[in-house]
Amino acid sequence: MVALSIWVRWTGLTATGFYSHDVGGILYNGMLLEHGLFPYVDSVELKAPGTFYLAWWFADGGRDIAGFQCIANIFALGSLAAVAAIAWRMWGVRAAFVAAALYGLHDAFLDSLDANYVTWAQLPQVLAFGCAAEAATRARSRRATLLLWLCAGLFGGWATLCKRPVGVVTAVIGIWALLHRQPNHPVAGGSARFFPGLAKFALDFPAAMCVVAGIACSQVPVFVHYGVNGQLSGLVDGYLLNRWGMRYLAERGSHGWAYLAREGVFATVYFLALPLLAAVAAMVAPRDPQQRARRLYLCLWAGFTLFAASLGGRFYKGYFVPVAPALCILAAAPWGVFGPGFAPGAAARLRRGVLAVVYTLAMVLAIRAGTQTLGERHARKLQHDRGGRAIATYLNQHLQPGDRIWVWGWHLWDCYAFTGALSGSTIYKSMGLLTRPNDDTWRTPASKLRMIEPSPYRKKLLTELAASRPKFIVLGSTVPRGDFHELTTFLRAHYRRDRGVRIGRVQFWRLRE
């Protein structure tokens, strides 16, 4: 399955350009780190910082999109192998093949063979659950058990650093660590001695504290990096608090729970129909208490990641990447439709009839998923950043080392990496700051961009542009240029319209000498 996935992902492994322009934001923050600057301090940023460091390390200081995409797809292959390994350790070789096949049918379509945030967060999320499963059911000694819980916390914290919603796996492993108690290994540290009222619940506080310690340790390098440079308050404000992100969730959450539930069900069925069907069939309770516990925590994992996917109410396909592992592993359970123990109590004729219906439906859904994956593979061959490359080519003819630019428009974020020029303002992205966040969902297009009225970030932007005087200001064709009157006045006073280049309806403004 890994070899087949390498073939599917080959267009992502060898891609040399951007697919999602969100990755342009990742690389830009990697560029800041390369220049000794700091996301959240030198950029107004919503996302978690983990991928910014990965861009700094793996993308030549935020400039190499080809290398970054290649390594991201290697991470994705690692996620597939980890899913198969967990299923093998839980249920056996047959289950490993089933889980890998189900996951491999969907993961490339869901993550678009791209280097977006969720691709980087997926591998540590799966490893976190794998370590927790080993600690709960396989570890031979108390020391090994606690070490595995510590590793589970480390990987869970790493996933959180890459994409906050994926960090819900830490809640799952934390609950498992606290409530779990192996028969041969009573709760260490004398918890029952110090908390006799809790003895009947067999709460394993040392294991839970190991998870917490692992999560904390995973965050330490980033906090130390900011702290030694005197920027710790910026990290706390941008990463831990992030009022901008809270405003976005509050605005998107105004749709109500009924809307979120309905769209969540529809989107989950659309993107994960086959593993969802097989996982539901595996909900029949096994007799073995250990197997029941595994099923419980796989369900919790799936449920928590589904909740995280619903945040914002947009249900993009990439949001379902973290949901897939739990469903695929649960679907591979021995008592499931793909296992030898399916419907053991049913009469032979009834069992054959049920299997015929289920396998026919599974085959149809598998063909559908394979078609979607192949379609995504073909789409990845196409060039999706032609406009950004053309703009950057023109800018590079006139930029000198140290010059800054400022671009307005999601499709133009690529220009920072292609030119190597930093933004003339901390507001390098405008959504949620100058313009309202995109309101498109998994099945509805975005409405026309509108300015936020009023927005304190307008004055901040103009003040920073006046101070930095970027060599070029580039305005995209989809942004509401005519509604930002203060920017128009600023441009006419200090810049001249460069009409020597025509790239769509993009406007180029060049600093007056």
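Start your tour at helix α6, which supplies the largest share of the lining of the largest cavity, three residues. Keep in mind that you are looking at a predicted model.

**Stop one: the cavity.** Select R9, A76, S79, Y103, D107, D111, T119, Q122 and V321, and you have the lining of the largest cavity on screen. The space inside is about 30 Å³. Now colour α5 (65-91), α6 (93-111) and α7 (117-137): each of these helices gives at least two residues to that lining. Colouring by class shows three nonpolar, three polar and three charged residues around the cavity.

**Stop two: the rings around Y270.** Across the whole structure there are 33 aromatic pairs. For one of them, select Y270 and F271, an edge-to-face pair with centres 5.0 Å apart and planes at 80°. Y270 is partly exposed, at 37% relative accessibility, whereas F271 is buried, at 5%.

W442 is buried, with a relative accessible area of 19%.

Stay here and show R368 too: R368 lies over the face of Y270, 4.8 Å from the ring centre.

Select F58, F68, F75, W120, F155 and W158 to see one aromatic cluster. Finish at W88, where the charged end of R89 sits over the ring, 5.6 Å from its centre.

Conventions. Residues are numbered from 1 along each chain as its sequence is written. This is a predicted model: local features need pLDDT of at least 70, side-chain atom pairs count only at pLDDT 80 or more; totals for chains, interfaces and linings use all residues. Side-chain values use heavy atoms; hydrogens and water are left out. On a 1 Å grid over the protein atoms alone, a cavity is a set of points where a 1.4 Å probe fits but cannot get out, and a pocket is an open set with protein on both sides within 12 Å along at least five of seven lines; lining residues have an atom within 4 Å of a point. Grid points are joined across faces, edges and corners, and a volume is the space filled by probe spheres set on the points. Helices (H or I, at least four residues) and strands (E, at least two) are DSSP runs, numbered from the N terminus. Ala, Val, Leu, Ile, Met, Phe, Trp, Tyr, Cys and Pro count as nonpolar, Asp, Glu, Lys and Arg as charged, and the others, Gly among them, as polar. Rings of Phe, Tyr and Trp (its six-membered ring) pair if their centres lie within 6.5 Å; planes under 30 degrees apart count as stacked, over 60 as edge-to-face and the rest as tilted. Buried means under 20% relative accessible area, exposed over 50%, partly exposed in between (1.4 Å probe, protein chains only). A charge sits over a ring if NZ of Lys or CZ of Arg is within 6 Å of the ring centre and within 35 degrees of the ring normal.
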